[in-house]
Amino acid sequence: MSSPEVHQLFYGQPITCHAYNKDKTLCALSPGNKEVQIWQKKGTNWVFQQTLDKHDKIVTSIDWAPNTNRIVSCSQDRNAYVWTWDAATSTWRADLVLLRFNRAATFVRWSPAENKFAVASGARLIAICYFEEDNNWWVSKHIKKPIRSTVLSLDWHPENILLVAGSTDMKARVFSAWIKGIDQKASNPVWGEKLPFGTLCGEFGTETDGWVHSVAFAPSGNAIAYASHDASLSIATGPNNPVTTIATPNLPLTSIIFASETSVIGVGHDCTPYLFALRGGRWELVDKIDAGKKKEVSGNSAFRKFQQMDSRSQSTTDVELNTTHQNTITSVRAFAGAPNNISKFSTTGVDGKLVFWDLLSSGVAGMRI
């Protein structure tokens with residue numbers, strides 16, 4: 001098993017979210033404050049390039065549209081900005097988006113066609129934002145009912161119409177985000193034939209009523225996965241089919257992605273990525289992707305351990321975890337491969353690390369079915 005590629009970008013600062021440009025040479029991230037920072041890959045290292053500073057409070061989410069090369073960011077200041085690269089001046093131009101929130105914006109994602117994006121909030125609603133050519137600004141339409149609490153996560157269906165949302169009212173929901181004049185009329189054999197804006201196409205709960213931290217659409221769009229605070233991962237294949245729930249003995253997951261149509265990668269408070277897979281017609285937790293390293297205990301270190309127990313009533317002073325990340329993993333992103341066959345992904349954490357994981361050379365690559 002090859003070791004993950006680790007980049008310690010910050011010390012004493014978390015990386016709360018990150019996103020890449022199309023060729024993966026630039027990374028936009030937030031170090032747990034009101035800044036969006038751009039980092040550039042040079043050789044084997046990531047080097048700080050510049051800061052995008054328009055928000056007044058902590059940046060909560062970032063996404064980068066690969067084809068139009070636009071960045072969108074949202075913040076606890078209740079605003080979102082679309083950042084467009086101006087080649088003439090070699091600067092990023094910031095355009096304010098009219099979200100009309102009275103609570104913090106919590107999550108943002110571009111649609112697959114990159115002609116609109118969705119912003120979640122603590123105001124119990126989701127803003128679907130699109131560019132209005134006549135007035136030359138970004139406007140939004142709200143999805144409100146039946147959301148009853150903060151929305152924490154979003155993901156788009158590959159056909160650009162449907163949106164899945166996870167919230168702290170213990171529900172994952174699939175909505176229609178169809179916009180007149182932007183989208184073609186559409187129907188979906190799994191989620192519904194008629195899809196006007198705001199239509200609730202499916203609502204799914206958790207077995208023990210844990211709030212939903214993260215959601216994801218499968219590459220085909222025929223299934224969703226959602227991770228809840230009861231440390232479970234659930235798979236739903238439509239509004240009329242039973243939900244498959246994988247209960248784990250671990251700490252809760254905070255972020256998930258589909259690595260293929262039959263496998264999911266989940267990260268969170270256990271400080272290590274996990275692989276879930278459909279095997280033999282059944283979804284299950286396969287293994288940790290981070291095997292960790294066993295620490296050798298020498299005679300002298302063992303003596304010091306007992307000395308600490310005697311003098312300070314402490315069993316140990318070693319606080320280093322047996323994982324690559326030394327604190328909660330905050331986000332996971334695909335880095336290489338097709339959407340239905342991801343070969344490499346990246347994670348960021350509260351420990352200030354950006355880590356790259358190669359599924360093809362890892363010991364769990366052969367376990368994906």
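Does Cys129 count as buried or exposed, and at what relative accessibility? At 0% relative accessibility, Cys129 counts as buried, because the limit for that class is under 20%. The legends below describe close-up views of a predicted model.

**Figure 1. Overview of the chain in the predicted model.**
The chain contains one helix and 28 strands. Its radius of gyration is 21 Å, close to the 21 Å that the globule rule gives for 369 residues, so the chain is as compact as a globular protein of that length. Along the principal axes, the C-alpha trace spans about 75 × 55 × 35 Å. Of the 369 residues, 49% count as buried. Among contacts between residues at least 6 apart in sequence, 49% join residues at least 24 apart.

**Figure 2**
A disulfide is a covalent bond between the sulfur atoms of two cysteines. The structure holds zero disulfides. With a relative accessibility of 6%, Cys271 counts as buried.

**Figure 2. The largest nonpolar core and the surroundings of Val97.**
This core has 18 residues, and those with the most contacts inside it are Val97, Leu99, Phe117 and Val119. Two or more residues come from each of β7 (70–75), β8 (80–86), β10 (105–110), β11 (116–121) and β12 (126–132). The greatest contribution is that of β10, which gives three residues. Leaving aside neighbours within four places in sequence, Val97 is in contact with Ala80, Tyr81, Val82, Phe117, Cys129 and Trp138. A second, separate core of 17 residues includes Ala120, Val139, Val151 and Ile179.

**Figure 3. Strand β7 and its burial.**
Six of the six residues of β7 are buried, and the strand is mostly covered. Arg70, Val72 and Cys74 point one way from β7, whereas Ile71, Ser73 and Ser75 point the other way; all are buried.

On one side, strand β6 (residues 59–65) is joined to β7 by six bridges, and the two run antiparallel.

**Figure 4. The open sheet β14-β15-β16-β17.**
Four strands make up this open sheet, with antiparallel pairing. Its edge strands are β14 (151–156) and β17 (200–204), each of which pairs on one side only. From one strand to the next, the twist averages 20°. β14 is joined to strand β15 (residues 162–167) by five bridges, and these strands run antiparallel. Val151 stands opposite Ser167 in β15. Val151 is also one of the residues of the second core of 17 residues.

**Figure 5. The open sheet β18-β19-β20-β21.**
This open sheet has four strands and antiparallel pairing. The edge strands, β18 (212–217) and β21 (244–247), each pair on one side only. The twist from one strand to the next averages 15°. Strand β19 (residues 224–228) and strand β20 (residues 232–236) pair in the antiparallel sense over five bridges. Ile224 stands opposite Ala236 in β20.

Note on methods: Residues are numbered from 1 along each chain as its sequence is written. This is a predicted model: local features need pLDDT of at least 70, side-chain atom pairs count only at pLDDT 80 or more; totals for chains, interfaces and linings use all residues. Side-chain values use heavy atoms; hydrogens and water are left out. A nonpolar core is a set of buried Ala, Val, Leu, Ile, Met, Phe, Trp, Tyr and Cys residues joined through side-chain atoms within 4.5 Å. Buried means under 20% relative accessible area, exposed over 50%, partly exposed in between (1.4 Å probe, protein chains only). Contact means heavy atoms within 4.5 Å. A disulfide is a pair of cysteine sulfur atoms within 2.5 Å. Two strands pair if DSSP finds at least two bridges between them. Axes are lines fitted to C-alpha atoms, for helices over the stretch in contact, and angles run from 0 to 180 degrees between N-to-C directions. The radius of gyration is taken over C-alpha atoms; the globule rule is 2.2 Å times the number of residues to the power 0.38.
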